[in-house]
Each structure stands twice: as C-alpha cells, then as structure tokens.
Amino acid sequence: MKVKSILLIGLGRFGRHVAMRLNEVGQEVMAVDHDEERVNKVLPIVTSALIGDSTDPDFLASLGIRNFDMCIVAIGDDFQASLETTDLLKELGAKHIISRACSDIQAKFLLRNGADSIAFPERQLAEWLAIRSSSDNIIDYFELDHEHAIYEISVPKSWAGQTVSDLDTRKKYGINILAVKRENRLDTSVTPKMILEEKDTILILGKRDEIQKIIDA
Ligand code: ATP
C-alpha cells in the first residue's frame with residue numbers, strides 16, 4: 001500500500017478517532033488544532049502535530065498544503081471555521097479535501113467552497129445504528145450509495161442447507177453473496193456448490209430494498 005500524507009485539522013473526538021485509524025493503517029498524518037492539550041493528546045499516534053489556527057492564512061500556507069495527498073477538516077461545531085479552513089485549503093492548492101458536515105446545508109456550502117467530499121459522522125452513525133437495530137438478523141451494514149449497500153446478515157432459515165447455486169440470489173433478487181462467515185472466519189471464495197448453514201452469516205451486496213425484503217421474509 002502506498003503511504004499517503006494526510007493533513008488532519010480538528011482534534012475533537014471525531015478527529016482523534018480518524019487519527020487513530022489512520023495510524024493503524026500506517027498513513028503519515030500531520031495533525032493540527034488550536035488547542036494545545038488536544039494536540040498533545042494525539043502526539044503519540046501521529047507523525048507530527050502542530051498548534052495553530054486553521055483560519056489563519058499564513059499559518060496554513062506555512063504547512064505546504066500542496067504536498068499533502070489529502071486534507072481532512074474535522075472541525076464540527078464551529079461551522080464558520082470549518083468553511084474558512086476548507087476555502088483556504090482550496091486556495092492553497094490542496095489536492096483532495098474532505099470536510100465534516102452536520103447538515104445538508106453545511107455540506108452544500110462546503111462543496112461550493114472547495115470540499116471534494118463530505119463526511120457526516122453523526123448522520124452516518126445514526127443510520128448505521130438504526131438499520132442494525134431494525135432486525136436481530138442484521139449484523140453489520142455498509143452503505144455504498146442511496147440505492148445499494150453491503151449487509152452482513154444471518155442466513156435466512158429457508159436458505160439453510162441449500163447451495164449458493166440453488167438459491168440463485170443473483171437472478172431472483174439481484175443480490176451477490178460476497179462472503180460467508182463460519183465460526184468467525186470469513187471465507188471470500190464463495191463457490192456455487194457451497195452449502196449455507198443456519199449458523200453462518202453472509203455478506204451480501206445489492207439494492208437495499210431487495211435485501212430488506214429477504215430480511216423481512
Ligand atoms: P467532536 O465533535 O469531534 O468531539 P468537539 O465538539 O470537541 O469535537 P468541535 O467544535 O467539533 O469540537 O471542533 C473539533 C476540533 O477542532 C476541536 O478540538 C477544536 O479545538 C478544533 N478547532 C476548531 N476550530 C479550529 C481552528 N480554527 N483551528 C484549529 N482547530 C480548530
């Protein structure tokens with residue numbers, strides 16, 4: 001994997017979680033916050049960290065914005081600061097900017113002012129929780145777009161004991177079985193002859209409404 005160099009601005013709970021995850025996957029992170037305590041807290045898990053105000057054009061310019069593969073604006077509550085930071089990053093030639101938003105209106109402004117994509121942490125978590133809680137049979141959920149998603153679900157009772165080819169889910173529901181989890185081991189080489197067992201969980205990809213029909217059946 002090519003190591004990316006990432007500028008992360010805003011080290012609240014969300015920013016810190018992003019820093020931790022980036023550290024785990026071996027990316028090079030420069031973290032920035034105007035709060036000294038927050039900067040000190042992330043020091044052990046990032047490549048470098050600086051105290052500074054990201055709405056200050058001179059401070060931001062001194063970071064050499066063009067050299068980062070990605071800039072993440074993880075400021076939440078102070079939308080003015082988030083917008084100004086996004087705008088400045090764009091002006092300074094940032095390659096790819098991901099900005100955090102709390103609402104569609106904020107997302108619209110951020111996209112208009114330089115953001116290439118938007119993260120909606122609260123909304124995405126809320127949706128994930130709501131979908132997971134909607135049925136005991138849903139173990140995990142990952143939205144791909146408004147229509148499609150990957151679900152990890154328990155094998156429906158009526159499917160147990162049948163082969164993947166007998167079930168013919170692609171033709172019947174437009175659903176692909178990507179992997180089978182058996183005794184906590186994920187098998188991604190699903191063959192037509194594979195027999196699904198009641199205790200398995202499966203990772204399926206398809207239209208959300210089609211998958212929902214299977215879960216509700
Ligand atoms: P979270 O919701 O992630 O827990 P929070 O609610 O504690 O964060 P936010 O206002 O969302 O705080 O801001 C996230 C972080 O961004 C904070 O640590 C804050 O100090 C930092 N921050 C806000 N404005 C700026 C700025 N202009 N320059 C640098 N850092 C900033």
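N184 is placed in the loop between β9 (176–182) and β10 (185–187), where helices (H or I, at least four residues) and strands (E, at least two) are DSSP runs numbered from the N terminus. Residues are numbered from 1 along each chain as its sequence is written, and the model is a predicted one, in which local features need pLDDT of at least 70, side-chain atom pairs count only at pLDDT 80 or more, and totals for chains, interfaces and linings use all residues. Side-chain values use heavy atoms, with hydrogens and water left out. Although N184 is not a glycine, its phi is positive, at about 70 degrees. N184 is exposed because its relative accessible area is 71%; exposed means over 50%, buried under 20%, and partly exposed in between, for a 1.4 Å probe and protein chains only.

A positive phi, near 50 degrees, is also found in D168, a residue other than glycine. D168 belongs to the loop between α7 (164–167) and α8 (169–173), and it counts as partly exposed because its relative accessibility is 30%. Y151, by contrast, is part of strand β8 (residues 148–154) and counts as buried, since its relative accessibility is 1%. Y151 and L178 are 27 residues apart along the chain, and their C-alpha atoms are separated by 9.9 Å.

S135 lies in the loop between α6 (121–133) and β7 (138–143). With a relative accessibility of 13%, S135 is therefore counted as buried. A polar atom of the S135 side chain is 2.9 Å from the backbone nitrogen of N137. A polar contact is a pair of N or O atoms within 3.5 Å; within protein, one must be able to donate a hydrogen and the other to accept it, and residues adjacent in sequence count only if both atoms are side-chain atoms.

The chain is assigned domain 1 (5–119) and domain 2 (124–216), with bounds that come from an automatic or database domain assignment. The C-alpha centres of the two domains are 36 Å apart.

The largest pocket has a volume of about 640 Å³, a volume being the space filled by probe spheres set on the points, which are joined across faces, edges and corners. Its lining comprises 19 residues, and F120, Q124, L125, F142 and E143 lie nearest the centre. Two or more lining residues come from each of β6 (117–119), α6 and β7; α6 gives the most, with six. Domain 1 and domain 2 each supply at least three residues to the lining of the largest pocket.

The second largest pocket has a volume of about 470 Å³. Of the 22 residues that line the second largest pocket, G10, D33, R38, I75 and G76 lie nearest its centre.

Around the ligand there are 18 residues, of which R13, D33, R38, D53 and G76 come nearest; a residue is near a molecule if one of its heavy atoms lies within 4 Å of it. A nitrogen atom of the ligand lies 2.9 Å from an N or O atom in the D53 side chain. An oxygen atom of the ligand lies 2.9 Å from a polar side-chain atom of R100.

Notes
On a 1 Å grid over the protein atoms alone, a cavity is a set of points where a 1.4 Å probe fits but cannot get out, and a pocket is an open set with protein on both sides within 12 Å along at least five of seven lines; lining residues have an atom within 4 Å of a point.
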